[in-house]
Amino acid sequence: MAKISPALERVLLWLSVGLISVIAFETLAVNTAMPTVVRELDGQNLYALAMGVVLATQLMTTALAGPWSDHRSPQTCLYTGIGLFAAGLALCTFAPTMELFVLGRVIQGLGGGLCVVPLYTLVGSSVRASRQPAFFAAFAAAWVLPSLIGPAISGFIVEHTTWRLVFGIVPVILLLAAPSLVKVTRKIPHEATPPQGGHIRLTVGCAVATGVGAAALQVLSGAEPESFNAAVYATIAALVIWTILFARPLLPHGTFTARRGLPTTVLIRGIANGAFIGVEIFLPLLLQEVHGWRPFQAGLVLTIGSVTWAAGSWVQGRMTGPVWRARIPVIGTGLQTLGIALSIAGAFAGVSGLAVLVAWTVAGLGIGLTYPAMTVHGLAMSAQANQGRTSSALQISDTLGASLAVAGSGIAYAMILPAQSPAFAAAIGFMTFVIFVGFLISGRTQPAPGSAEETRLAASFDED
């Protein structure tokens, strides 16, 4: 397929980065506003569900976004996603009860799952291969400004006005930006491929079942310590098996067995993203409860992680040779393993809280190297007709990894409470094990010699 002009590339880049920044702001701002939401709507028992249900419903539609982008068009998928995302936020803004608020979060997640995959597809099919690393680095960097100002703005709004504005601002921005986004994306050609019989129905069914399993695990992660017994452990094991079994058709064959090439590339994305988020959600709480830091001070750890993530993305975007590109997943997961492992020490009052900031600097740099590089690597190994499917698989792996990791670290934390420091250490230690497994298999992201994936990967380095 012919590539778009450099001028249209630039406009697509800025609009895409703007959209991702808006989504990032909402994601980060919610963390600050949610405690006030549940207090005012009297829904403390639904706190965990309101926080986690977005990931579960996003997982459902992310799987649909791949075949939609391949067999119909990435543009209509994107427009639908933005509409649902805005509608969900609007419902949250005006929700009079916690139940309706959770419903709004469900709709928001459904829309969010349809937004990123079509952007990946548009980039993979219409942007020159030599420019794609810079695109995906910019996508990762789009989280930096929201991470710097999102929590502060959200806190100010909640304290001085109302939490409802935190959810109401983004739909207005999306409404104002929609005409420009539609105008630009309609200029990008797309060659739809014929759908496979029953493929979309299978995809949607498996995605819904996977999302249900992930949501159920997140609910269990909020259980009281005394409620953990043999029956609960058996339920957790059954839900993990359920989730993985139904996720298998949504990912490349051999993903969960780390088959060489695209399957391991997709798996590494999920492991790296999941381990990072599974630790990060606890760090502000750890710094406040164990080290006595004020909320503003504790929030610095999120800023540092985002900035070094962007720095790592910038570095990988300039590593263009095949030899260095092949080393990125090993270096990235190695740094992330080191950073997360060092964070364990910060769970104890005898160690300075500054150790957590140092550790998270290293972890952020590691995932910054790995995350966008696996996108470029996966798309380069994929045939043109499968760009949407690969984009969808990468996003599904991200969301599934985050859902399972947040549930897993939450369960580890809940099991050890009320002993705070050991509970934090257990949660972070579990994520250290997860990312270390990713480090051990990271070399398998390279395709098998003589395979079609290797041929396509080699050709991508020859493109102008």
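Leaving aside neighbours within four places in sequence, isoleucine 340 is in contact (heavy atoms within 4.5 Å) with Ala275, Val279, Trp360, Ala363, Ile428, Met431, Thr432 and Ile435. The model is predicted, with local features needing pLDDT of at least 70 and side-chain atom pairs counted only at pLDDT 80 or more, while totals for chains, interfaces and linings use all residues. Residues are numbered from 1 along each chain as its sequence is written, and side-chain values use heavy atoms, without hydrogens and water.

Ile340 also belongs to the largest nonpolar core, a set of 92 residues in which Phe101, Phe139, Phe167 and Ile340 touch the most other members. Such a core joins buried (under 20% relative accessible area, 1.4 Å probe, protein chains only) Ala, Val, Leu, Ile, Met, Phe, Trp, Tyr and Cys residues through side-chain atoms within 4.5 Å. Helix 1 (residues 6-40) supplies the largest share of this core, 15 residues. A second, separate core of 16 residues includes Ala63, Cys206, Ala207 and Met381.

Now to threonine 333, which lies in helix 14 (residues 322-343); helices here are DSSP runs (H or I, at least four residues), numbered from the N terminus. Threonine 333 is buried, at 1% relative accessible area. Beyond neighbours within four places in sequence, its contacts are Ile268, Thr370, Ile435, Gly438, Phe439 and Ser442.

Turning to a helix pair, helix 3 (residues 74-94) passes helix 4 (residues 98-112) with axes (lines fitted to C-alpha atoms over the stretch in contact) that come within 7 Å and cross at roughly 165°. The two are therefore roughly antiparallel, a label given to angles over 145 degrees on a scale from 0 to 180 between N-to-C directions.

Notes
Parallel < 35°, antiparallel > 145°, perpendicular 65-115°, else oblique. Buried < 20%, exposed > 50% of the residue type's maximum accessible area, 1.4 Å probe, protein only.
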